[in-house]
Amino acid sequence: MDVTNGVRDSLAVTLAGPGPIGVVLGVAGIAVVVLLIGAFWWGMRRRDQELPPPRPEEQPRRPDHRTEIRESDKHGSDSFPDDGRGLSPYELGSHGNEVIPPDPERPRD
């Protein structure tokens, strides 16, 4: 009684069989596993050589005064044509590139 159902002739049996291709694939598989284990081991050694992360008391303190100023400048007019149509690319020109001076009435922080 044959229970192999023709598996002897399949590609999987040919590649994984005892022939030279099966030996080459076995050696290549072992080489890949050794390479992965070596990469993991090397990464762990490099990680152990790094400085530990700073503890909470070693973190830099926030200054008492403000160290940066954020301003949002308007660049160009946000107005649309009065008739409701959109501007074509050739109608834009340098629209949006010019810097509008700040409002004199605007209170400063």
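Modeller: Here come the labels, each set against its definition. This is a predicted model, where local features need pLDDT of at least 70 and side-chain atom pairs count only at pLDDT 80 or more, while totals for chains, interfaces and linings use all residues. Residues are numbered from 1 along each chain as its sequence is written, and side-chain values use heavy atoms, with hydrogens and water left out.

Biologist: What makes R55 and E57 a salt bridge?

Modeller: The term needs a side-chain nitrogen of Lys or Arg within 4 Å of a carboxyl oxygen of Asp or Glu. The closest N and O atoms of R55 and E57 are 2.7 Å apart, so the pair qualifies.

Biologist: How do you know that R55 also forms a salt bridge with E58?

Modeller: Their closest N and O atoms sit 3.1 Å apart, so that pair passes too. The count comes to two salt bridges, and R55, E57 and E58 are linked in a network.

Biologist: Why is R55 called partly exposed?

Modeller: Buried means under 20% relative accessible area, exposed over 50%, and partly exposed in between (1.4 Å probe, protein chains only). R55 has 46% relative accessibility, so it counts as partly exposed. E58, at 44%, is partly exposed as well. Of the 109 residues of the protein chain, 4% count as buried.
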